[in-house]
Amino acid sequence: MTDGDTNLPTIERKLGLQIWVIENMKMVPVPEKAYGTFFEGDCYIVLHTKRTSRGSAVDLHYWIGKDSSQDEQGAAAMYVTQLDNALRGNPVQHREVQGHESETFQSYFRNGIIYKKGGVASGFRHVETNMYNIKRLLHVKGKKHVSATEVALSWDSFNKGDVFLLDLGKVLIQWNGPNCSIAEKSRGLALARSIRDSERGGRAQIGIIDNEKDSPDLMQIMKMVLGERRGELREAIPDAKADELQKANVRLYHVYEKDNDLVVQEIATRPLTQDLLQHEDCYILDQGGFKIYVWRGKASSLEEKKAAFTRAVGFIQAKGYPSSTNIEVMNDGAESAMFKQLFQRWTEKDETQGLGKIYTTGKIAKVEQVKFDTTQLHARPELAAEQRMVDDASGEIEVWRIEDLKMQPVNPRGGTSRGQKTTPEPAIRLFQVRGTDEMNTKATEVPARASSLNSNDVFLLTTSQVCYLWCGKGCSGDEREMAKMVADIVSRRDKHTISEGQEPAEFWEALGGKAPYASEKRFQEQVAHYQPRLFECSNQTGRFIMTEVVGFCQEDLDEDDVMLLDTWEEIFLWIGKASNTYEKNEAIASAKEYLKTHPAGRDLATPIILVKQGYEPLNFTGWFNAWDPYKWSDGKSYEEMKNSLGDVSAISEIKVDLNNISLNKRTLSMTSLSGPSMTSASTEYKSHFNHNVSNSYSNGSKTSNSPSLVPNGEGIYSREVLMNKTVDELPEGVDPTKKECYLSDADFHDIFGKSKEEFYQMPKWKQQNEKKQCGLF
């Protein structure tokens with residue numbers, strides 16, 4: 001796709017990511033292997049397309065590096081506007097500033113974002129002619145969304161609460177602060193593995209320091225690069241995050257031209273309703289300075305649409321907000337889920353509810369009622385979740401009633417009786433019926449008086465002679481059909497259907513006479529199209545903080561966290577088995593606070609459901625794609641991932657020119673580096689560091705009749721010297737419990753039929769079995 005009036009490059013219509021960097025005021029494509037790496041002196045354009053139930057959703061971001069030039073920033077904004085036009089206003093546009101990216105942007109890079117120094121604007125592009133000739137320190141932050149910033153090679157850059165990666169090209173050393181959580185360590189390891197696999201072709205070794213005393217060899221290398229550490233490490237630096245009270249402070253502004261002047265007028269605060277947005281105008285929605293949204297009406301002028309970003313930036317400046325404040329611009333009819341969820345209700349044309357029922361203005365679809373097949377719950381877990389099914393209905397049901405603070409079993413035939421004594425049934429009863437199918441219909445008994453009626457629903461009034469089906473003006477055909485089914489359960493008496501306004505005198509007499517009742521026609525709610533949202537909950541700082549996980553999956557449920565899943569009709573609190581006691585105890589209070597402070601003004605009676613790790617019901621798991629019920633029993637813990645890297649001794653030999661001292665991994669020890677020459681050696685080392693690596697890999701072939709006993713410089717041996725050998729027959733330094741580590745990638749794949757990465761992701765017992773079969777146990 002191209003645009004003849006612009007300098008846009010060809011844009012492919014495909015799902016997933018496309019990224020360009022601004023070079024000499026032009027969009028230059030970034031190779032896929034470099035996705036997730038951003039130079040601090042550059043500006044980038046990121047296009048993301050994904051499938052949705054309504055077709056596809058397109059997000060268009062322009063990213064601003066902290067050292068980028070104003071010209072580049074202007075060019076990026078211009079290209080985004082042109083792309084928006086070329087894509088016919090379908091994309092949601094985002095302005096992203098380095099270090100303050102939106103959750104949506106961060107969700108594209110699951111292994112993390114790396115910021116590199118340099119760029120076109122600074123006159124320096126850091127091009128690595130040798131991918132192993134690297135010496136840098138990365139500061140890794142975040143539990144769910146990880147970013148890594150290149151910092152000074154100094155102990156002064158460290159703190160007790162974060163992860164740091166010392167990248168030496170052929171070796172990556174992950175240093176975990178003493179106050180790091182398991183989740184932070186796991187995310188850091190994922191980033192280290194990503195660098196190893198994508199940037200180094202899988203040929204770098206990773207070492208991890210969880211406790212400095214337990215890793216003397218790795219610490220020695222760090223001290224040689226960074227020097228001796230003097231003084232205490234800095235305390236952890238808390239992340240600056242907006243609390244829920246700040247996010248709840250939503251204000252809507254009307255933006256329009258008056259006498260050639262731009263007017264920005266506040267028109268509403270929480271809770272906002274969709275009818276406030278008029279198609280002829282543009283609006284700014286300020287979410288407490290946390291995020292700025294710009295909505296462009298479909299009938300607004302072209303000039304107004306083009307000036308959207310400019311006006312939003314001007315609004316930020318006028319309000320005194322940080323220049324890094326995230327901006328999201330969208331067109332009428334192409335709103336983002338985040339934007340719609342700030343409104344109390346949001347309806348769309350041809351909105352679908354329940355099991356595929358479509359409601360259109362002025363017309364109600366006639367839907368044939370078909371008995372629901374519960375076997376679909378297994379094949380379609382998302383359907384089970386949407387219909388709020390907690391299980392597949394198998395097994396027995398036991399019910400207890402809390403009586404005098406004790407659990408009393410309830411007889412299935414005794415209803416809600418106390419002490420198994422049946423309460424006499426009232427002569428007149430009134431039930432409110434809500435629901436559109438067999439799976440979501442509920443009948444609730446309400447006081448039998450006229451004030452209990454509501455024009456939006458169907459009510460059943462039972463008397464000693466008859467059962468009335470009273471149909472309010474706002475109810476749908478499906479609701480009436482469901483009420484008829486409920487009526488057969490509630491009463492065996494004759495059924496009389498009556499419409500609101502045509503009630504016989506006997507109806508009002510049974511209710512004690514006429515009285516005012518709710519008669520406003522309800523707005524069809526967005527519930528069926530509400531996109532579930534997952535949050536990591538924290539209240540440890542004294543403020544209620546929630547971090548959203550966009551595009552979430554089961555992997556985002558960390559064992560040491562409490563997570564909140566919001567499906568609009570229900571709030572789930574997932575309790576990780578390793579979460580701390582404080583967060584467990586505060587979970588319910590946190591959920592209530594979330595509802596109370598929600599910008600849309602949520603119903604405080606929304607059900608809150610506690611879910612324990614390993615015991616998740618269908619109406620929870622169905623919101624996750626490809627839920628694995630065995631993950632908690634068979635999944636890899638952080639320690640297992642760490643062990644799969646091999647022992648420290650498996651790190652290939654590192655040769656360092658240091659006053660003629662060779663730091664071979666097999667001879668590296670505290671004593672070899674101690675003594676009076678250490679101080680001068682360390683000083684010289686800081687000014688000159690070089691580790692020699694060989695890029696050659698053994699392909700398993702022999703150059704002579706006898707297998708070579710000399711590694712190729714990377715701790716790699718031919719298969720002949722490793723397979724079916726006793727401990728005494730192995731080369732010196734080879735760990736007999738990890739023989740497979742010393743195979744070349746080619747030999748490994750040839751022997752096991754899979755890569756090392758795939759092999760170490762298997763359960764330990766499977767690894768051992770395969771090693772036995774291949775003579776490497």
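Aspartate 332 touches His279, Trp295, Arg296, Gly297 and Lys298, leaving out residues up to four places away in sequence; contact here means heavy atoms within 4.5 Å. The model is predicted: local features need pLDDT of at least 70, side-chain atom pairs count only at pLDDT 80 or more, and totals for chains, interfaces and linings use all residues. Residues are numbered from 1 along each chain as its sequence is written, and side-chain values use heavy atoms, with hydrogens and water left out.

Aspartate 332 lies in the loop between β17 (326-331) and α8 (337-340). Helices (H or I, at least four residues) and strands (E, at least two) are DSSP runs, numbered from the N terminus. The aspartate is buried but forms no salt bridge. Buried means under 20% relative accessible area, exposed over 50%, and partly exposed in between (1.4 Å probe, protein chains only). A salt bridge requires a side-chain nitrogen of Lys or Arg within 4 Å of a carboxyl oxygen of Asp or Glu. For aspartate 332, the nearest side chain of opposite charge is lysine 298, 4.6 Å away. In assigning charge, Lys and Arg count as positive and Asp and Glu as negative, while His and the chain ends are not counted. Two other pairings involve the aspartate 332 side chain.

The protein chain contains 21 helices and 34 strands. Of its 777 residues, 49% are buried. Among contacts with a separation of 6 or more, 62% join residues 24 or more positions apart. The average pLDDT (the predictor's confidence in each residue, from 0 to 100) is 78, and 80% of the residues score at least 70. Over residues 521-529 the pLDDT is below 50; this stretch has 23 contacts in the model beyond near neighbours in sequence. Residues 1-5 also stay under 50, with ten contacts beyond four places in sequence.

Strand β11 (residues 171-176) is largely enclosed by the rest of the structure, because six of its six residues are buried. In a regular strand the side chains alternate between the two faces of the sheet. On β11, one side carries Val171, Ile173 and Trp175, and the other Leu172, Gln174 and Asn176. Both faces are covered. Strands pair if DSSP finds at least two bridges between them. β11 has an antiparallel partner in strand β10 (residues 163-167), over five bridges. Valine 163 stands opposite asparagine 176 in this pairing. β10 and β11 form a hairpin with three residues between them. Glycine 169, in the turn, has a positive phi of about 80°. β11 also pairs with strand β12 (residues 205-209), in the parallel sense and over five bridges. There, leucine 172 has isoleucine 206 as its bridge partner.

Strand β29 (residues 545-549) is likewise mostly covered, with five of its five residues buried. Ile545, Thr547 and Val549 point one way, and Met546 and Glu548 the other. Strand β28 (residues 533-538) pairs with β29 in the antiparallel sense over five bridges. Leucine 534 is opposite valine 549.

Helix α4 (residues 216-226) is largely enclosed by the rest of the structure, because eight of its eleven residues are buried. These are Leu218, Met219, Gln220, Ile221, Met222, Met224, Val225 and Leu226.

Serine 198 is found in helix α3 (residues 182-199). Its relative accessibility is 38%, so serine 198 counts as partly exposed. Its C-alpha atom is 9.9 Å from that of tyrosine 35, 163 residues apart along the chain. Lysine 771 belongs to helix α21 (residues 764-773). This lysine counts as buried because its relative accessibility is 5%. Its side chain makes a polar contact of 3.4 Å with the side chain of glutamate 740. Beyond neighbours within four places in sequence, lysine 771 is in contact with Thr737, Glu740, Phe752, Phe759, Leu776 and Phe777.

Definitions and conventions
Polar contact = N/O pair within 3.5 Å; in protein donor to acceptor, adjacent residues only side chain to side chain.
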